[in-house]
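Thank you all for coming; I would like to walk slowly through one structure with you this morning.

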Amino acid sequence: MTGYDKGESIEILYHFWQGKRFVDVRTSVPKAAPRLKSISSVVAAATLYEAEIQDILGVSFDGNPFQGKRLLLPDTYPAEAPPPLTKEANPEKIRKMLELE
Amino acid sequence: MSEDKKSEGKEAGAGLMQYSAEGMMPFGPVHPSLKEPEYFKLYLEGEKIAAVVPRIGYVHRGIERAAQDRAWVKNIYLFERICGICSFAHSLGYTQGVEALTQFEIPKRAKYIRVIVAELERIHSHLLWLGLVGHWAGFDTLFMWIWKDRERVLDLTEAITGNRVHKSYSTFGGVRKDLPDGIAEKIKPELAYIRKRVVFYTDLVQREETLIVRTRGIGRISQDTAYKLSPVGPLLRCTGIARDVRIEDPYAAYDEVPPAIQTQTDGDIASLLTLRLNEILASCDVIDSALEKLPQGPFKANIPRVIPRGESTFHVEAPRGELFYYVKSGGGNVPERVKIRTPTMANLLTATEMLKGHTLADVPVVLTGMDPCFGCMDRISVVDVDSSKQWTVGGEVLRQHGIEYYRGRKS
């Protein structure tokens, strides 16, 4: 699964291997309300990939056991800071928020 | 166990990670030798593991983000540094993903050279893993033997690429330099030696009591579990599912020198041992036939510096399993997005399943079984939740515990 910041919205790609080639299922969510249904109850393997996207792009997946919990991001990453892979995320500002500078 | 810890575990355990356990033991998180250090919360019932909740990301270096600020060619070397063991697989995944965008045909010789180096890497990675299992099972002689043999493979890698670990060899359009003269004569005797040793080790892992007690029936996964949780690589093939990217979607020259696909049926650590040993033999065969069929010609094509707009998905069979790359180009100097799905990420859920029902003594062997490097063993805290006492158990203490636990037990 790939998440990608398109500016106004976040695009999510589900890459499925079909025995011969990849089939990409594409969806996008508005950045203002980044919420999607989890597919982890159908494709258990997606559990961690969804959790990763939640951490780095801030998309919340309803039904994922990791919803609201962090898998990758450190506990110290400020909750009010934009998720690290969005275009708003600025390493310098985040460093200031963490009082590293 | 305190109330808040119980409720925390229950939420995380919705569906997949259900448990009702007496105590929790944090396991990890520092894991210096691995791209993905893992911290496992082990929920214990007595000494049996009831549930495992992973928490990863302790050395997440934001490489996908860093790649968005670096030129296309610089990223080859960045991605190689994701992993020190399968560095060539990473550069192969990325360069081939980008080559797919340019729609440029690369020279045949380059494809063959890529296969040779990729298979050498697989041999060295599998040997490294076998040695580690020997170490954690308390059979250090095996570890010493195997790592000595592995040196020979690293020497070959150095002779071809100039580096032992970070090969920096694959580049857009082919490989950075041609094979040195007379390398075939150098490789063949070494492969003969490796083959001889692997036959010896195969016999050893089937007869040696230490390994049998510590690995047979340990960390077993069924085919159903494998279908449900989609592990990749050896972890999938040890359950009898014959899937390999090199066969299913041949890249480089694998369509002309296909490997013999290996499977086992037991799905336990013992079958992983046999499987990886067989895969080493298969890799030796691939290198032999690649050297035989090696075509003459250029080893690199000059592909345009500007990568056209578009996106591509590419996967390669790294030593640990399917390694996935998604590359998106906006036509600029830097990639717009590169997504990497490493085999360990795909195997993580399966590893948590493998641990269930086993004892603390089995943790090192089972977790090594999924093939992460095992630096994190050097720092485990054991928390006695009732008295809130906390103490730290070093990796060596846990290893000794495993050895003591199995002392006197016969299979």
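This is a predicted model: local features need pLDDT of at least 70, side-chain atom pairs count only at pLDDT 80 or more; totals for chains, interfaces and linings use all residues.

Residues are numbered from 1 along each chain as its sequence is written, and chains are lettered from A, with ligands numbered from 1, in the order in which they are written.

Let us take chain A. Its secondary structure comes to two helices and five strands, where helices (H or I, at least four residues) and strands (E, at least two) are DSSP runs numbered from the N terminus. Along the sequence, chain A reads β-β-β-β-α-β-α, and its C-alpha atoms fill a box of roughly 50 × 25 × 25 Å along the principal axes. Of the 101 residues in chain A, 32% are buried; a residue is called buried if 20 or more other C-beta atoms lie within 10 Å of its own, exposed if 12 or fewer, and partly exposed in between, with the C-beta atoms placed from the backbone.

Now to chain B, which is divided into domain 1 (3-59 + 345-406) and domain 2 (63-338), with bounds that come from an automatic or database domain assignment. The contact between them takes 21 residues from domain 1 of chain B and 25 residues from domain 2 of chain B, and two residues are in contact if their C-beta atoms, placed from the backbone, lie within 7 Å. On the side of domain 1 of chain B that touches domain 2 of chain B, helix 13 of chain B gives the most, with six residues. That side divides into 10 nonpolar, six polar and five charged residues, counting Ala, Val, Leu, Ile, Met, Phe, Trp, Tyr, Cys and Pro as nonpolar, Asp, Glu, Lys and Arg as charged, and the others, Gly among them, as polar.

Next comes a sheet. In chain B there is an open sheet of three strands in the order 6-7-8, with antiparallel pairing, and two strands are said to pair if DSSP finds at least two bridges between them. Which strands stand at its edges? They are strand 6 (310-318) and strand 8 (337-341) of chain B, and because each has a single partner strand, one side of each is left without a neighbour in the sheet.

Strand 7 (residues 321-329) of chain B pairs with strand 8 of chain B in the antiparallel sense over five bridges. Within this pairing, B:Tyr325 has B:Ile340 in strand 8 of chain B as its bridge partner, and B:Lys328 stands opposite B:Arg337 of strand 8. Strand 8 of chain B is mostly covered, with five of its five residues buried: B:Arg337, B:Lys339 and B:Arg341 point one way, whereas B:Val338 and B:Ile340 point the other way.

Helix 4 (residues 87-102) of chain B lies across strand 6 and strand 7 of chain B, running at about 150° to strand 6, and helix 13 (residues 343-355) of chain B lies across strand 6, strand 7 and strand 8 of chain B, at about 130° to strand 7. Axes here are lines fitted to C-alpha atoms, for helices over the stretch in contact, and angles run from 0 to 180 degrees between N-to-C directions.

Helix 4 of chain B also packs with helix 5 (residues 108-136) of chain B at an angle of about 145°, with their axes 9 Å apart.

One last detail concerns the backbone. Most residues other than glycine have a negative phi. B:Ala252, however, has a positive phi near 45°, and this residue, found in the loop between helix 11 (245-248) and helix 12 (269-293) of chain B, counts as buried because it has 24 C-beta neighbours inside 10 Å.
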